[in-house]
Structures are given as structure tokens and as C-alpha cells.
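This report covers salt bridges and the nonpolar core in a predicted model. The structure is shown below.

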Amino acid sequence: MGFFSDTKDKNNLGIILKEIIEESGIHRFLVSKPAVFANKTVLEGWKTDPDFFNGTRFGHKPTPFCAILYILIKTNDYVTDPELQQALIDTAVGLYYELRETGIALNGSPADNYVMGMVHGMLND
């Protein structure tokens with residue numbers, strides 16, 4: 001998992017997160033452009049657990065939407081605007097339930113199962 005592979009993965013995750021931000025209406029709370037916020041959020045999320053994202057920890061990389069879910073959970077504490085923070089939490093919860101409906105929890109990689117289990121535990125606390 002080299003530098004260029006990680007860069008490509010980060011770029012792809014930034015694009016996906018930007019689309020989620022725009023479709024969910026979160027962009028209303030941003031002071032920067034959605035692409036800038038998405039890319040910064042992906043970079044901050046990646047820094048919290050690079051071995052998870054590059055596949056070292058579980059032997060597999062997470063699927064992109066599970067990676068986005070993990071990023072939303074891991075970076076929420078960095079957000080200072082309460083409305084933006086709540087919008088990101090709501091988006092993460094919605095994404096979790098959508099992933100459950102698609103069966104990712106049953107058919108996912110170990111990395112995906114880790115994320116789904118983590119969020120499940122958070123929601124049931």
C-alpha cells in the first residue's frame with residue numbers, strides 16, 4: 001500500500017464525501033466549499049487510523065462507504081459548529097442504516113464489519 005495508492009484512495013473518498021455533503025444539504029452549514037471540507041475531513045480521518053484505511057490492520061481495505069462512515073465518526077469531535085456536527089452525525093447514522101439494509105454487515109470485509117460493529121455499539125449505548 002504505497003503513497004500513490006493511498007493518495008488515489010483519499011481522492012476517491014473525498015469525491016464520495018463531497019457528493020454526500022451536497023446531497024444531504026450539509027453544505028448549508030459550511031464556510032468552505034464542499035470539496036474543500038470533504039478533502040480535509042478525509043485527510044483528518046485518515047490520520048486517525050492509517051492502518052485501517054490502507055488495509056494493514058485487517059488485511060483488507062474497507063469499502064468506500066464504510067470508510068466514509070468511519071471518517072464521519074472519527075472526525076466529528078473536530079467540528080466546532082453544533083449544527084454542522086449534528087448534521088454529520090445524522091448523516092453517519094443514516095449511512096449506517098443504509099449499509100445495513102444493503103447487507104454490508106453480513107457480506108463485508110473484516111474492516112467493514114469492524115466499522116459496522118463500532119457504530120452499532122455506539123447507537124445501542
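## Glutamate 44 and its partner

Glutamate 44 and lysine 47 form a salt bridge, with 3.1 Å between the closest N and O atoms. The two residues are three apart in helix H2, so about one helical turn separates them. Helix H2 spans residues 34-48. Lysine 47 is exposed, at 58% relative accessibility, while glutamate 44 is partly exposed, at 33%.

Leaving aside residues up to four places away in sequence, glutamate 44 touches Thr75 and Tyr78. Its C-alpha lies 8.0 Å from that of isoleucine 71, a residue 27 positions away in sequence.

## Other salt bridges

The model has four salt bridges. One of them joins aspartate 9 to lysine 61, with the closest N and O atoms 2.5 Å apart. This pair connects distant parts of the chain: aspartate 9 sits in helix H1 and lysine 61 in the loop between H3 and H4, 52 residues apart. Aspartate 9 has 19% relative accessibility and therefore counts as buried, the cut-off being under 20%. Lysine 61 is partly exposed, at 29%.

Arginine 57 pairs with aspartate 49 in a salt bridge whose closest N and O atoms are 1.9 Å apart. Here aspartate 49 is buried, at 9% relative accessibility, and arginine 57 is partly exposed, at 37%.

## Nonpolar core

The largest nonpolar core holds 34 residues, and Ile68 and Leu69 touch the most other members. Helices H1, H2, H3, H4, H5 and H7 each supply at least two residues of this core.

Beyond residues up to four places away in sequence, leucine 69 has contacts that include Ala92, Leu95, Tyr96 and Val115.

Key. Residues numbered from 1 in each chain as written. Predicted model: local features only at pLDDT ≥ 70, side-chain atom pairs only at ≥ 80, totals over all residues. Heavy atoms only, no water. Helix = DSSP H or I, 4+ residues; strand = E, 2+ residues; numbered from the N terminus. Contact = heavy atoms within 4.5 Å. Core = buried A, V, L, I, M, F, W, Y, C linked by side-chain atoms within 4.5 Å. Buried < 20%, exposed > 50% of the residue type's maximum accessible area, 1.4 Å probe, protein only. Salt bridge = Lys/Arg side-chain N within 4 Å of Asp/Glu carboxyl O.
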